[in-house]
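Work through the exercises below with the sequence and the model side by side. Try each task before reading its solution.

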Amino acid sequence: MPAEVITQEAGVRQLSYAEAIREGLGQAMEADPRVFLFGEDVGVYGGAFGVSGDLLRRFGPERVIDTPISELGLAGAAVGAALTGMRPVLEIQFSDFVTLAMEQIVNQAAKIRFMFGGKASVPMVVRLPGGSGTGAAAQHSQSLEAWFAHVPGLKVLQPSTPHDAKGLLLAAIDDPNPVLIFEHKLLYKTKGPVPAEAYREPIGKAVVRRSGRDITIVGASIMTLRAAAAAEKLAGEGIDTEIIDLRSLRPIDFATIAQSVRKTGRLLIVYEGVKTMGIGAEIAAMIAESDVFGALVAPIARLGGADSPIPYNPALEKASVPQEDDILAAARRLMHKRKR
Amino acid sequence: MQIPAADSATAAAVREKPAPQRGELSALDDATLRAALRRMHLIRKFEEVAEQSYMRGLVHGTMHLSIGQEASAVGSTLHLRPDDYILSTHRGHGHCIAKGADPARMLAEFFGKETGYCRGRGGSMHIADLTTGNLGANGIVAGGLPIAVGVGMSIKAQKQSRVCMVFFGDGAANEGAFHESLNMAAIWKLPVVFLCENNKYGMSMDIANAMAVANVADRASAYGTRGITVDGNDLPAVAAAAKIAIDQARQGDGPTLLECKTYRLRGHSKSDRNLYRTKDEIEAWRQRDPIRRLQDELVAQQRIEARELAAIEQGAQHEIEEALEFAKSSADPDPAQLTRDVYAG
């Protein structure tokens, strides 16, 4: 069972991001016999990152299924099970390995409902631990969420807190569409308040993590934590930062972004995926195409992953994706810029 | 490979006293044989009408015809129950009809019409009919195999007595999905029948140049499961082999890799100029036409009168003509509804 920590000040139960996901999985399986978890080492091992933990002991090998190392086959198995009445949750051990499963996710899961004229649905969830910062180098550290956000028919989530990791997972399991959840490996041990009951967070709805007047920072997953840390320092310099946590890339909550930019007039988009052709480009273009463009007082700025594979050396690895200091510097620069 | 005499004098000579029937044929009663023959004719006529419609410019896109492979489609599904599942391929019109789809709605789909099985969104390569357990054709080679694994898991988890039969071609046997799927179905003893229609070519690539074993089914031993190779142009033989595979799947004995050796008499698709095979080869396979073979044997064995065979064919012809009229006269989809079914809910 998840270790419970009661915070002294508020009396709110704290769980880690991994524990919150596990609790959500357990509650979904308790509530619905159609839900099962499968993937590489999710059973006896408890998951490569310890997310599934004791679920095998609690639910048995028919509902927590250790599988061969066959990502393409597993993704297809999720499609087939979803098509015929089950609610599969597939763990792809490292999100990088989803490259082996692209066919089934992109050609099959995403398109079946449309290709069949709306007669079928594919209610499957794929959990994908992603992101850099663990020294695992180029094939175990990528942030590939933008690839899938480009595919109509899929939903793509990036929770940043334990609360959202559980609430979005439960919403994803309920959702009649294929949903990919990119969990960040560095977040698994982060703690936060998590209600004990089974609750849902709405898919496609961003949240304002910090309210501010001067600059809007849009991000998701661990980038919102780094932005929040930067925002504290910016506050000391008299810069009032608003932080929007996207939570969902597809569908994307443009209204919340637009509302914020209309207020602040400055937009910094921060994401771990490769900057070029990434989600920042889409958000910037959405603003540029909208009537909010007129509210901008400075050019839109993006911070994204370098045009490079993720390197092994720790200093290089840090340099390859936006860090707190990068966000700080970018925000300061943006405060001194003016749109012509 | 036994080829029954097509010669009518030979057939007449044996009419007085037919030779003993082989077990595969005697296992099928007359009503089943009539139904099978009707479906084979329906498939043939459907494919011919699809081809003609394309030639006349009535439809766009492409199509993959299964003329010559009707015994494989109909024989393999003959012992499936209505609630059993199939997954099909890009060359899947035959499988759809064999599982009980309405040719009119199939043709309407081919014509891109709102009345088609997929409301004109899928076309020839994506016809699905969930009401007959048909979970869809597939435009990706080996795309259906991993899905069949999940269907098998689902059947098992829900403690149903269903079976899932997944069709694929010889080309699919060299995709990684084939290996992953056979392996998972075997280790978990899933109720799946892997039905390989080996028509000798993956587009233009001769299977003899694409794999180093003689039969696709030889690979079954690598997964610790059963492999059966059968003459895919021999309907009773296909039905008998499929029955073994279906029964074992239903009993919880796991998957079978059943290979039907057959031949597509038409090209891969509309662009095919037959550069990779000879006219003699095509002609030799034409002599093994699965419909004619079955009809000749039924007459020789005095199971069904020649006159009745003609009536079955005419009935199929009539149904396809009506289907064509339905497809032609149906309405096109409304472009305003383009994105309607991208998401559920």
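**Exercise 1. Find the helix that holds B:I244, then classify the residue as buried or exposed or in between.**

Solution. Step 1: B:I244 sits in helix α10 of chain B, residues 235–250. Helices here are DSSP runs of H or I with at least four residues, strands are runs of E with at least two, and both are numbered from the N terminus. Step 2: count neighbours. B:I244 has 15 other C-beta atoms within 10 Å, so it is partly exposed. The scale calls a residue buried at 20 or more other C-beta atoms within 10 Å of its own, exposed at 12 or fewer, and partly exposed in between, with C-beta atoms placed from the backbone. Step 3: compare sequence and space. B:I244 and B:H79 are 165 residues apart in sequence, yet their C-alpha atoms are 9.6 Å apart.

A note on conventions. The model is predicted: local features need pLDDT of at least 70, side-chain atom pairs count only at pLDDT 80 or more, and totals for chains, interfaces and linings use all residues. Residues are numbered from 1 along each chain as its sequence is written, while chains are lettered from A and ligands numbered from 1 in the order in which they are written.

**Exercise 2. Give the strand order of the five-stranded open sheet in chain B.**

Solution. Step 1: the order is β1-β2-β3-β7-β6, with parallel pairing. Two strands pair if DSSP finds at least two bridges between them. Step 2: locate the edges. β1 (85–87) and β6 (226–231) of chain B each pair on one side only. Step 3: the twist from one strand to the next averages 20 degrees. Step 4: inspect one pair. β2 (164–169) and β3 (192–198) of chain B run parallel and share six bridges. Within this pair, B:C164 has B:V192 as its bridge partner.

**Exercise 3. How many residues of α3(A) are buried?**

Solution. Step 1: 13 of the 13 residues of α3(A) are buried, so the helix is largely enclosed by the rest of the structure. Step 2: check its span. From first C-alpha to last, α3(A) reaches 18 Å, close to the 18 Å expected at 1.5 Å a residue. The expected span is 1.5 Å times one less than the number of residues. Step 3: look past its end. A:G85 follows α3(A) and has a positive phi, near 105 degrees.

**Exercise 4. Which helix gives the largest share of the side of chain A that touches chain B?**

Solution. Step 1: 36 residues of chain A are in contact with 34 residues of chain B. Contact means C-beta atoms, placed from the backbone, within 7 Å. Step 2: α3(A) provides the largest share of chain A's side, ten residues.

Notes:
Two residues are in contact if their C-beta atoms, placed from the backbone, lie within 7 Å. Axes are lines fitted to C-alpha atoms, for helices over the stretch in contact, and angles run from 0 to 180 degrees between N-to-C directions.
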